[in-house]
Amino acid sequence: MADKPSFDSKDVAKDALPAPRPKPTGNPVFRMMGLPNFRFKLPSRNWLIFLSITGSFTTAILYDRYHKRKAQQRWCNIVSHLAREPMASTQLPRKITIFLSAPPGDGLRAARDHFHEYVKPVLVAGALDWDVIEGRREGDVRAGLAERIRKRRRKDGEKPANIVEGAEEEKDLLQQLRDAAGIRDSGDVQGDLVLGRHTWKEYIRGSHEGWLGPLESPPDPPREPLPATDDALPPHEQAAVNSASPTPYFQEAESQPPKSAEEPQKPETPKEKEKSKEPTQQRPYIFPAAYPVASPAPSVPESLPPSAILPFPHLLGFLNTPVRIYRFLNRRHLADETGRQVAALVLANCIGNWNVEAELARIADLNASPTNTDTNQPDPNDVDMVPVRRRWEQESVLEDEERDWHKSAWQPHGDEGERVWKDVMVVDPRIGERMRRFQLAADVEEKARKDDGVDPARKGMWENLREMVGWQKDTSVKGWEHGFVGEEGE
């Protein structure tokens with residue numbers, strides 16, 4: 001007889017209980033919304049490296065941009081009171097002259113962008129008007145400033161030596177219309193604003209050329225004939241050739257072979273067409289070597305218009321990428337320094353002169369090499385030190401920028417002409433002592449230091465929200481309501 005299976009009551013009770021529910025995984029809210037299960041955990045090693053580098057660089061950019069805006073707003077607040085001053089309808093605003101030039105190795109776009117980013121906000125806050133003299137290549141600013149000074153000399157009554165009888169002077173139609181309408185200038189100090197060391201060197205050269213040079217263009221220098229060679233023609237045959245030919249036998253004519261009539265002309269490339277369309281640059285009327293023997297113009301004023309020189313650091317090259325990144329992350333310092341110089345120009349309440357100092361050298365060095373004027377750390381109390389020459393302060397302004405110039409500024413060109421950037425700056429004492437510069441007063445500097453750089457006209461989020469719901473009434477006077485505020489007769 002088979003044994004009956006054993007029956008255990010515990011197994012029956014265990015089978016009768018319902019199966020336990022599985023534990024819910026993840027956030028039930030996300031699960032009900034159909035979102036995946038987000039498991040919060042530390043990222044991997046590679047992700048930590050990537051996020052730390054990108055986060056640090058982004059934070060540095062945002063920090064610099066924030067303080068750059070505060071620095072610009074600080075100087076805008078300093079000069080903003082000038083824009084609120086009333087002005088007659090027949091009065092022109094104060095106008096200055098801005099000199100821009102393409103930096104070495106780059107185009108004019110870089111100088112324009114620098115002006116719009118750092119200079120223009122402060123000028124607009126001070127309600128200034130300006131004229132711009134731009135230079136796309138080396139020497140354009142020099143030629144433009146010199147011609148502007150010569151026009152002023154002619155307007156003051158100075159006439160060139162070889163003036164043609166009956167020639168009418170150039171008339172400024174716009175100025176005549178303003179005089180007829182009774183429109184007058186503001187009468188304030190005008191001033192010049194120069195951007196960069198390369199533009200400053202052209203500004204100095206143009207000022208000397210305009211006030212020391214002649215009013216008419218000097219004749220072209222004579223060309224030197226070719227040196228005699230072994231295969232040259234006999235004297236009698238050479239004289240016959242020269243007498244029959246209307247063009248002298250110059251080296252330039254020799255360097256260019258004659259073109260035959262049957263030779264087909266090559267079509268001009270787009271670059272050659274653009275180069276032919278460029279206006280020719282006016283050659284200098286006077287060079288620095290002739291400054292000591294030149295006589296200044298009779299109409300030269302006792303003090304020339306003051307100037308403000310702004311820094312324009314411009315570095316090119318792939319190998320200079322670390323330096324360029326450092327400068328990119330510290331643009332707030334450049335904005336603060338530029339805003340300080342522009343604010344001094346806008347306020348124009350403190351104008352100073354340029355200083356001159358003696359350049360020292362040791363007697364032993366002068367005896368060894370007369371051209372050696374290396375004075376790294378001259379000691380004025382040293383008996384062996386003697387003055388070599390007078391060095392004007394204008395020569396050392398922004399001198400550090402020359403180290404950042406592109407190498408094309410120092411290399412010789414194919415058409416070796418005027419090299420203002422490459423040549424040493426020369427300041428004549430008669431012009432240097434008449435030059436002035438804008439300076440910032442001490443009380444204005446203290447006021448700017450205490451300014452927090454916040455725009456007073458800018459409203460916060462809560463102020464805008466109160467105005468939207470009607471809790472706060474906008475008390476600002478609209479533009480069309482000016483002149484109609486107050487009681488009648490006020």
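Colleague: Which residues does Phe30 touch, leaving out those up to four places away in sequence?
Modeller: Phe30 touches Leu35, Pro36 and Phe38 on that count. This is a predicted model, so the contacts are computed from predicted coordinates.
Colleague: Where does Phe30 lie?
Modeller: Phe30 lies in helix α2, residues 28-32.
Colleague: Buried or exposed, or in between, for Phe30?
Modeller: Phe30 is partly exposed, at 27% relative accessible area.

Colleague: On to the strands. How many residues of β1 are buried?
Modeller: Of the 7 residues of β1 (residues 95-101), 6 are buried, so the strand is largely enclosed by the rest of the structure.
Colleague: Which way do β1 and β2 run, parallel or antiparallel?
Modeller: β1 and β2 (residues 129-135) run parallel, joined by 7 bridges. Between the two, the chain passes through helix α4 (residues 108-125), and this β-α-β crossover is right-handed.
Colleague: And how many bridges for β1 with β3?
Modeller: β1 pairs with β3 (residues 192-195) over 3 bridges, in the parallel sense.
Colleague: What stands opposite Phe99 in β2, and what in β3?
Modeller: Ile133 stands opposite Phe99 in β2, and Val194 is opposite Phe99 in β3.
Colleague: What about Leu100, what is opposite it in β2?
Modeller: Leu100 is opposite Glu134 in β2.

Colleague: What does the side chain of Glu134 meet in a salt bridge?
Modeller: The side chain of Glu134 meets that of Arg112, at 2.7 Å from N to O. The pair links distant parts of the chain, with Arg112 in helix α4 and Glu134 in strand β2, 22 residues apart.
Colleague: How exposed are Arg112 and Glu134?
Modeller: Arg112 is partly exposed, with a relative accessible area of 30%. Glu134 also counts as partly exposed, at 32%.
Colleague: How many salt bridges does the count come to?
Modeller: The count comes to 29 salt bridges. One of them is between Glu147 and Arg150, where the closest N and O atoms are 3.1 Å apart. Both residues lie in helix α5 (residues 140-155), 3 residues apart, which is about one turn of the helix.
Colleague: What is the relative accessible area of Arg150, and of Glu147?
Modeller: Arg150 is buried at 0%. Glu147 is partly exposed at 22%, just as a buried residue would need to be under 20%.

Colleague: Different topic, the packing. Which residues of the largest nonpolar core touch the most other members?
Modeller: Val79, Val119, Leu123, Val342 and Leu345 do, in a core of 37 residues. Elements that each supply at least two residues of this core include α3 (45-79), β1, β4 (307-310) and α12 (331-347).
Colleague: Where does the largest share come from?
Modeller: From α4, with 9 residues of this core.
Colleague: What is Val119 in contact with, apart from its neighbours within four places?
Modeller: Val119 is in contact with His114, Leu193, Leu310, Thr338 and Val342. There is also a second, separate core of 25 residues, which includes Ile204, Val300, Trp354 and Met435.

Colleague: How many disulfides does the structure hold?
Modeller: The structure holds 0 disulfides. As for individual cysteines, Cys76 counts as buried at 10% relative accessibility, while Cys350 is partly exposed at 24%.

Note on methods
Residues are numbered from 1 along each chain as its sequence is written. This is a predicted model: local features need pLDDT of at least 70, side-chain atom pairs count only at pLDDT 80 or more; totals for chains, interfaces and linings use all residues. Side-chain values use heavy atoms; hydrogens and water are left out. Buried means under 20% relative accessible area, exposed over 50%, partly exposed in between (1.4 Å probe, protein chains only). Helices (H or I, at least four residues) and strands (E, at least two) are DSSP runs, numbered from the N terminus. Two strands pair if DSSP finds at least two bridges between them. A crossover is right-handed if, with the strands pointing away from the viewer, the path from the first strand over the helix to the second runs clockwise. Contact means heavy atoms within 4.5 Å. A disulfide is a pair of cysteine sulfur atoms within 2.5 Å. A nonpolar core is a set of buried Ala, Val, Leu, Ile, Met, Phe, Trp, Tyr and Cys residues joined through side-chain atoms within 4.5 Å. A salt bridge is a side-chain nitrogen of Lys or Arg within 4 Å of a carboxyl oxygen of Asp or Glu.
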